[in-house]
Amino acid sequence: MQLNINGQLHTLDVSPDMPLLWALRDHAGLTGTKFGCGKGLCGACTVHLDGNPIRSCSTPVSAAQGKRVVTIEGLAVDASHPVQRAWKDNNVPQCGYCQSGQIMSAAALLASNAAPSDGDIDAAMSGNICRCGTYPRIRAAIKQAAGELKGDKS
């Protein structure tokens with residue numbers, strides 16, 4: 001099966017029913033995407049499929065064929081995506097486990113909504129659970145990244 005992952009074609013010898021998460025981690029060697037609940041409920045495994053955030057633990061790899069998959073490794077090669085920089089500036093990570101999924105959901109939000117309200121942020125991020133409770137810092141980071149993407153350097 002061929003998959004376009006982070007702009008590169010990968011040929012993976014996997015079952016079409018395998019969760020995309022395991023194809024990414026175990027066969028493509030991209031371990032930035034994390035396993036959380038395994039049921040698509042916590043968001044730790046979030047990746048983009050044609051620009052939309054999806055839960056890779058509950059998406060069969062066959063659903064990704066012919067589409068563009070972007071993982072945290074593909075968001076920016078050098079972690080320079082505005083969301084990644086804002087995460088660092090706002091000291092968002094604590095344990096860090098959920099952060100790649102959080103960042104992928106935030107990046108997808110900002111790609112579709114350049115100026116999200118608090119309600120927009122809460123709605124978009126509601127499927128990403130952080131056991132450390134860093135939600136206020138996540139919101140601040142998203143607002144900072146939104147400002148940067150708009151060209152507001154304040």
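Residue numbers start from 1 along each chain as its sequence is written, and side-chain values use heavy atoms, with hydrogens and water left out. Because the model is predicted, local features need pLDDT of at least 70 and side-chain atom pairs count only at pLDDT 80 or more, while totals for chains, interfaces and linings use all residues.

**Domains**

Select residues 2-74 and colour them as domain 1, then 82-152 as domain 2; the bounds come from an automatic or database domain assignment. The centres of the two domains, taken over C-alpha atoms, are 21 Å apart. Domain 1 gives 18 residues to the contact and domain 2 gives 12, where contact means heavy atoms within 4.5 Å. Between them the domains bury about 1,100 Å², 58% of it on carbon and sulfur atoms. Buried area is the accessible area (1.4 Å probe) that two parts lose on being put together, summed over both.

**Helix 3 and helix 4**

Next select residues 82-89, helix 3, and 99-112, helix 4. Helices are DSSP runs (H or I, at least four residues), numbered from the N terminus. The two axes come within 9 Å and cross at roughly 125°; axes are lines fitted to C-alpha atoms over the stretch in contact, and angles run from 0 to 180 degrees between N-to-C directions. Helix 3 and helix 4 are therefore oblique to each other, the class left after under 35 degrees (roughly parallel), over 145 (roughly antiparallel) and 65 to 115 (roughly perpendicular). Show side chains for Val-83, Gln-84 and Trp-87 of helix 3, and on helix 4 for residues including Ile-103, Ala-106 and Leu-110; these belong to the contact. By class, the contact has 6 nonpolar, 3 polar and no charged residues. Nonpolar covers Ala, Val, Leu, Ile, Met, Phe, Trp, Tyr, Cys and Pro; charged covers Asp, Glu, Lys and Arg; the others, Gly among them, are polar.

**Helix 4 and helix 5**

Gln-102, Ser-105, Ala-106 and Leu-109 of helix 4 meet Asp-120, Ile-121, Ala-124 and Met-125 of helix 5. These residues divide into 5 nonpolar, 2 polar and 1 charged.

**Helix 5 and helix 6**

Finally, select residues 118-125, helix 5, with 135-150, helix 6; the axes come within 11 Å and cross at roughly 115°. Asp-118, Ile-121, Asp-122 and Met-125 meet Ile-138, Arg-139, Ile-142 and Lys-143 of helix 6. Here the contact has 4 nonpolar, no polar and 4 charged residues.

Technical notes. Helix = DSSP H or I, 4+ residues; strand = E, 2+ residues; numbered from the N terminus.
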